[in-house]
Amino acid sequence: MAGVAGPTRTPFARVSRDIIGALWDSDLRYRMMMLILLAVIGWAGVAWIYQIKYGMGTAGITHPVMWGVYITNFVFWVGIAHSGTLISAILYLLRSGWRTTINRAAEAMTIFAVMTAGLFPLIHLGRVWYFYFLAPYPNQRLLWPNFRSPLIWDFFAISTYFTISLLFWYSGLIPDLATIRDKLKGAHGLWGRFKEKLYGYLSLGWAGTDTQWRHYRRAYLYMAAIATPLVLSVHSVVSWDFAMAITPGWHSTIFAPYFVAGAIFSGIAMVITLSVPFRWALGLEDYITEYHYDNMGKLLLLTSLIVGYAYIAEYFMAWYSGDPVEWESFRWRALGDYMGPFVIMMTCNVIIPLLCFWRKIRRNIAALFVISIFVNIGMWYERFVIIVTSLAHEYSPGAWGLYKPSWVELSITAGSFAWFLFWFMLFAKTLPAISITEVKESIAEGVWSPGDKKEEA
Amino acid sequence: MHPAVAERLGVSTGDLVAVSSPHGQLEAPAFVYHGVRPDTVAIPIGQGHEHFGRWARGRGVNPLALLPAAADEASGATAWLTTQVALAVTGERVTLVSTQGSHDDLGREIAEVVSVGAAAEAEEQARQAIADEPGALVEAAEDADPKSPYRWGMAIDLSSCIGCSACVTACYAENNIPVVGAELCAQGREMAWLRVESYYEHLSEGEHGNGHVDAQAAEDESAVPHVVHLPAMCQHCGNAPCEPVCPVYATYHNPEGLNIQVYNRCVGTRYCSNNCPYKARRFEWFDYDFPFPLNLQLNPDVTVREKGVMEKCTFCVQRIMKARNDANAEGRDVSDGEVTTACAQTCPAEAIAFGNLRDPNSRVSRLARAGRAYHMLGELNTRPAVTYLKAVSRGSEEG
């Protein structure tokens with residue numbers, strides 16, 4: 001594929017130009033935004049150091065609610081990480097053409113979300129300086145971690161997911177990196193030559209020969225097939241952190257499918273929330289169109305219905321089981337001290353997404369953007385409700401208690417959003433945010449081409 | 001004060017109430033409580049000191065200020081019970097700290113009560129069973145290494161417990177438990193390994209689904225529920241929910257059936273506490289100070305824990321170790337009564353018995369086979385080493 005730029009007026013050339021053109025040049029707005037994000041991350045770092053120095057008591061968690069906002073954030077970010085692999089791997093295997101413009105951003109989101117989620121198990125440790133006790137490393141005391149503990153399963157599930165997602169993302173990037181390298185050929189100045197070298201190394205000598213393409217397509221397909229079960233397994237394992245405990249409100253067989261659906265639900269919502277400002281800022285409106293939002297709206301609706309069903313099924317089982325402890329836990333969840341979060345969760349996750357039944361709303365990007373923000377809020381509260389209300393109201397009424405997050409927890413939560421956005425914004429300016437290769441394939445196959453809104457679809 | 005009185009005055013827990021008698025006046029925060037007669041207010045004695053220096057200043061009130069100087073004619077003693085007082089609302093509020101979430105056990109097999117008749121019948125059957133099989137062991141005795149001569153256990157008679165909390169104090173002193181103060185207790189950060197919970201005897205009837213005592217309508221003012229005191233600590237379960245969830249084996253089952261917490265190994269995920277149905281585990285939220293001279297009373301046999309680790313009742317493992325070492329040195333097993341926990345040693349009513357469940361003749365084994373014996377939340381199949389003996393109801397028909 002020597003000379004990708006080729007004839008400048010073909011649609012292929014336009015794709016390269018549009019997508020690569022969005023890179024590197026950062027305006028004042030972008031720099032200010034990055035500065036603000038760095039400031040928030042810095043403040044969260046201060047809060048964490050403060051917590052390490054003075055103890056977990058600086059956070060609001062207490063007896064009996066020993067897990068609070070930190071684990072809520074952990075589950076929330078792992079959930080966000082799910083849409084990436086779903087869109088990339090599962091939709092790839094299903095040959096869904098509409099994924100091509102959002103898969104790169106969604107995969108990047110996955111990786112940054114896992115990077116964010118992975119911090120919280122550390123942040124919530126009472127003695128974070130001994131975090132390596134959780135890893136099965138050889139030591140002279142012959143001590144191993146406890147493989148019966150769901151937290152160890154988490155350790156493996158998350159690290160596996162991160163590795164596979166990273167490799168999958170990177171292998172998808174290789175042809176695009178080569179396109180950029182070719183575009184940069186003969187760049188001037190120290191910075192230009194550095195960029196050329198860097199993208200050259202990262203594209204691993206890609207030359208676009210037929211053999212390379214054949215191997216590449218095979219490898220990508222297999223990686224998609226390997227990544228697919230992980231979409232189901234990772235959040236199932238995270239849900240077992242709760243389902244394996246005997247705590248009423250947690251101990252439930254529905255948790256794995258319920259969490260997986262919730263993860264995809266929140267992940268799709270986050271893709272919508274991020275892609276709307278992102279396509280506008282990078283001038284990629286022609287690439288992510290109503291057609292794509294329509295499809296994402298459908299996925300959002302489907303997963304919302306599954307999540308809503310799970311909420312109802314949980315209540316039905318609590319009542320039908322005849323277990324007074326379980327029933328009291330669920331009654332209190334809806335009507336007790338945490339009624340507010342419960343109502344937010346129900347409204348945002350079950351009622352508001354029903355609007356997606358209307359095609360007009362699904363194709364109205366502003367409306368879908370607002371809905372997706374509600375879903376993000378609702379899914380955060382869902383995890384909060386599950387974790388906090390179950391722990392606060394357990395078997396022993398004498399040990400019931402309440403939990404209120406402290407400034408340390410809120411700062412670190414804000415910092416996690418800033419950390420995630422920081423990486424995402426860095427990505428948007430350094431790597432092609434839309435897969436150049438796959439968009440071109442879509443054009444060639446006649447599935448879709450830039451600017452096409454598929455009104456009649 | 002009783003909820004009916006509180007309702008008449010329009011006060012709730014924490015409202016400052018002025019109490020006056022012909023002899024004096026004081027102000028104290030109201031604590032609304034079913035366990036007191038509706039025509040009575042109760043004020044604990046022993047607080048309100050004026051001459052004990054800075055630590056005692058501003059703590060509580062001295063109800064002696066309300067009493068007449070002369071002795072009560074009928075009893076010849078100070079008029080503790082016969083002084084009449086008037087109550088007035090002051091409109092101010094203070095934060096009252098309570099370490100108990102709810103006083104209603106919702107019929108959950110926590111604070112069990114039996115009638116006298118049922119208790120007598122059960123005890124008769126149990127005596128018969130012991131006579132038939134004198135060497136039989138209780139089920140909890142199985143949960144230790146088969147080669148171990150010991151399975152440490154405890155039996156607590158709720159009928160004997162008077163709720164004085166001497167056991168709690170003994171536990172604090174023995175195990176170097178930090179005293180954290182009212183502010184942290186209000187956040188739920190009390191560090192007590194052993195707590196005395198109080199539950200109303202009757203409230204569980206027909207009141208499922210309502211966890212809050214203050215919502216209980218005091219329909220019948222004369223109905224004063226009896227209170228059952230329940231010393232609750234780590235149950236040293238044979239099938240402990242805390243053990244499998246720890247990712248680093250910081251909590252595990254030792255060969256003598258104890259549920260052991262290894263402070264050095266604990267990283268502080270706090271999962272064990274979340275999975276403990278008894279909520280017996282405490283977490284070191286901070287590094288707590290023992291300022292001079294309190295450091296001098298620390299027990300040298302017990303670790304002072306650092307921030308970020310989980311801790312809980314150990315059955316005074318340091319005493320067990322010492323007794324076992326002494327016995328081993330003499331080539332014999334630890335005999336009954338040779339080792340006891342700080343709480344059992346201190347209990348003035350001898351409500352707590354500690355010993356070896358593998359010795360069928362030990363006091364704890366005999367009590368564990370009593371007719372009133374039950375396990376707290378036994379339906380969870382945690383196989384606790386602590387056996388409770390149901391309180392015998394002072395009511396008429398409670399079964």
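Predicted model: local features only at pLDDT ≥ 70, side-chain atom pairs only at ≥ 80, totals over all residues.
Local features were taken at pLDDT of at least 70 and side-chain atom pairs only at pLDDT 80 or more, whereas totals for chains, interfaces and linings use all residues. Residues are numbered from 1 along each chain as its sequence is written, and chains are lettered from A, with ligands numbered from 1, in the order in which they are written.

Helices (DSSP runs of H or I, at least four residues) and strands (runs of E, at least two) are numbered from the N terminus. Helix 9 of chain A, residues 210-243, has 34 residues and reaches 49 Å from its first C-alpha to its last, which is close to the 50 Å expected at 1.5 Å a residue, the expected span being 1.5 Å times one less than the number of residues. The helix bends by about 30° at A:Leu230, where the bend is the angle between axes fitted to the seven residues ending there and the seven starting there. A:Leu230 is also one of the buried residues of helix 9, which include A:Met223, A:Ala227, A:Val234 and A:Phe242. A residue is termed buried if 20 or more other C-beta atoms, placed from the backbone, lie within 10 Å of its own, exposed if 12 or fewer do, and partly exposed in between. The buried residues of helix 9 pack against helix 3 (69-80), helix 4 (82-93), helix 7 (150-184), helix 10 (255-281) and helix 15 (365-392) of chain A.

Between the chains, 44 residues of chain B are in contact with 40 residues of chain A, contact being defined by C-beta atoms, placed from the backbone, that lie within 7 Å. On the chain B side, helix 5 (242-245), helix 6 (271-274) and strand 10 (282-283) each supply at least two residues, and the largest share, 3 residues, comes from helix 6. By class, this side has 19 nonpolar, 14 polar and 11 charged residues; Ala, Val, Leu, Ile, Met, Phe, Trp, Tyr, Cys and Pro count as nonpolar, Asp, Glu, Lys and Arg as charged, and the others, Gly among them, as polar.

A nonpolar core is a set of buried Ala, Val, Leu, Ile, Met, Phe, Trp, Tyr and Cys residues joined through C-beta atoms within 7 Å. The largest such core has 196 residues, of which A:Val78, A:Met109, B:Ile156 and B:Ile352 touch the most other members, and helix 10 of chain A gives the most to this core, with 15 residues. Apart from it lies another core of 10 residues, among them B:Ala4, B:Val17, B:Ala30 and B:Val32. When residues up to four places away in sequence are not counted, B:Ile352 touches residues including B:Met154, B:Ile156 and B:Cys167.

In chain B, 4 strands form an open sheet of mixed pairing in the order 12-5-14-13, two strands being paired if DSSP finds at least two bridges between them. Strand 12 (352-356) and strand 13 (373-374) are the edge strands, each pairing on one side only. Strand 5 and strand 12 run antiparallel and are joined by 5 bridges, and B:Gly153 has B:Gly355 as its bridge partner in strand 12. Strand 5 (residues 152-157) runs parallel to strand 14 (residues 386-389), to which 4 bridges join it, and B:Met154 stands opposite B:Val386 in strand 14.

Terms used. Contact = placed C-beta atoms within 7 Å.
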